[in-house]
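Student: Got a model open here. Can you walk me through it?
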Amino acid sequence: MSSLEIKSSLNDFVPPPRITGRYEDTTAGGETVSAFIPIPLPPEPPLVMPSNSHFFLLFSDTNNKLSRMDALVEQLPSIPLFLAPYLEREAVLSSQIEGTQSSLDDLLMGETYSEGESMLDITETSNYLEALNHGIEKLNEGFPLTLRLMCEVHQILMRRGRGSNKQPGEFRRSQNWIGGTRPGNAVFVPPPPQHLMDCMGELEKFIQQENSFNPNLNPMPPLLRAALAHLQFETIHPFLDGNGRLGRMLISLILYDAKILHQPCLYLSLFFKQNRDEYYRLLNRVRLDGNWELWVEFFLTGVAHTAQHGTDLAHKLLKIVAIDEARIRSSVGSNRNVLRLHQYLQSRPLVSVTRASKEIGISFPTASKAFEKLVSLGLVRERTGKLRDRFFEYTDYFALLAEDTEPLPR
Ligand SMILES: Nc1ncnc2c1ncn2[C@@H]1O[C@H](COP(=O)(O)OP(=O)(O)O)[C@@H](O)[C@H]1O
Ligand SMILES: [Mg+2]
């Protein structure tokens, strides 16, 4: 997905008059400022979504694209093979939105780094991956998407590295602000700490509504619910740090929990990263003018692009795998070790010999030989240029997954 041009049909749309919250004086950093306390979702009056509008068409197009991606992912020969690197890609992208500098290479080659800023970046990204996986596992075990689960996920997200002194797993007990160098020149001051439990309790109730697939009815369709919940979560900013990352995970978890996806395979961070200015602008604007429709339109556009991208990516990966497997079979017959390594590389396309041999359950020399075979077929290349501690990359497969994941400049 290259960079996109988002054309909104709703920029000049005037929503029905809506109040999104109220202001209250609060002290932060020795200054008195006006904090914003959002009123609970859903928006009142309800979203304007007439059935012949652009908005409605976008909603059904988005749902179609999602169903197509979901159906394709369900048909993959091995879903975990596809999901593991896809989740890693999301961890890298979501962490990059607020400036973390680690790339997909860094995350997968993390074993070779030891200290410094880049190590902190990698720690942040691997925390993200573990946190996301924890959320998915809990939902798989049948736990509901509660505040408690959000705190658990946050705890893992922040437990090592830079976030570890930012009250991992706990709602903040002090006033924070967004943008600006001090509260007095902040872009936005979220609710004072004593209001967090109320605000988050209401958000939890909203997230746990029953499902409906009609956009004009209550309860709300999961897609709209995820859109509104993300923005509301960012407005509440309940944690000292990690609100952006947790809020983005929340989108994927809501959609998965609502079972409009059979696999946790929708991640919007690439879209948010590529459209970061618009993303931030809308997070702010909706609070000021109550134009929830504008945010929902942006969000649905993102879901549609992302689902299309996921579908295309899965097709391309499957094609590479099929062509390469045929080449391997015609060259080595049914040499199981080479075939097993090829399988393994689909879940971890950049890996050390040590790790691959351990995880596949073959000896180091056998794994080395199998890697050499794949190198001689032109499918894999060595990345370190060293004789020891070598890392191999499943070249074309990795390149597809790493597309668009370079860090933004600091
Ligand atoms: N004006 C705004 N109002 C509400 N949320 C915002 C605004 N601008 C940015 N954000 C959100 O805040 C996030 C940054 O908050 P932070 O707690 O530092 O999270 P993280 O550390 O995960 O990036 C951004 O990624 C974005 O999601
Ligand atoms: Mg932050």
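**Domains, core and ligand shell**

Tutor: The C-alpha centres of domain 1 and domain 2 lie 35 Å apart. Domain bounds come from an automatic or database domain assignment. This is a predicted model: local features need pLDDT of at least 70, side-chain atom pairs count only at pLDDT 80 or more, and totals for chains, interfaces and linings use all residues. Residues are numbered from 1 along each chain as its sequence is written, and chains are lettered from A and ligands numbered from 1 in the order in which they are written.

Student: Where do the two domains of the protein chain run?

Tutor: Domain 1 covers 21–312 and domain 2 covers 334–402. Their contact takes 11 residues from each of the two. Contact means C-beta atoms, placed from the backbone, within 7 Å.

Student: Which helix gives the most to the side of domain 1 that touches domain 2?

Tutor: α2, with five residues. Helices (H or I, at least four residues) are DSSP runs, numbered from the N terminus. By class, that side of domain 1 has seven nonpolar, one polar and three charged residues. Ala, Val, Leu, Ile, Met, Phe, Trp, Tyr, Cys and Pro count as nonpolar, Asp, Glu, Lys and Arg as charged, and the others, Gly among them, as polar.

Student: New topic. How many residues has the largest nonpolar core?

Tutor: 93 residues, with Ile254, Trp295 and Leu341 making the most contacts inside it. A nonpolar core is a set of buried Ala, Val, Leu, Ile, Met, Phe, Trp, Tyr and Cys residues joined through C-beta atoms within 7 Å. Buried means 20 or more other C-beta atoms within 10 Å of the residue's own, placed from the backbone. Helix α11 (residues 292–332) gives the most to this core, with 12 residues.

Student: What does Trp295 touch?

Tutor: Ala227, Leu231, Leu282 and Val286, leaving out residues up to four places away in sequence.

Student: And the ligand. Which residues come nearest to ligand 1?

Tutor: Glu98, Glu234, Asn243, Gly244 and Arg245, out of 16 around it. Near means a C-beta atom, placed from the backbone, within 6 Å. α8 gives the most to this shell, with four residues.

Student: Is α8 buried or exposed?

Tutor: Mostly covered: 15 of its 15 residues are buried.

Notes
Buried ≥ 20, exposed ≤ 12 C-beta atoms within 10 Å, placed from the backbone. Helix = DSSP H or I, 4+ residues; strand = E, 2+ residues; numbered from the N terminus.
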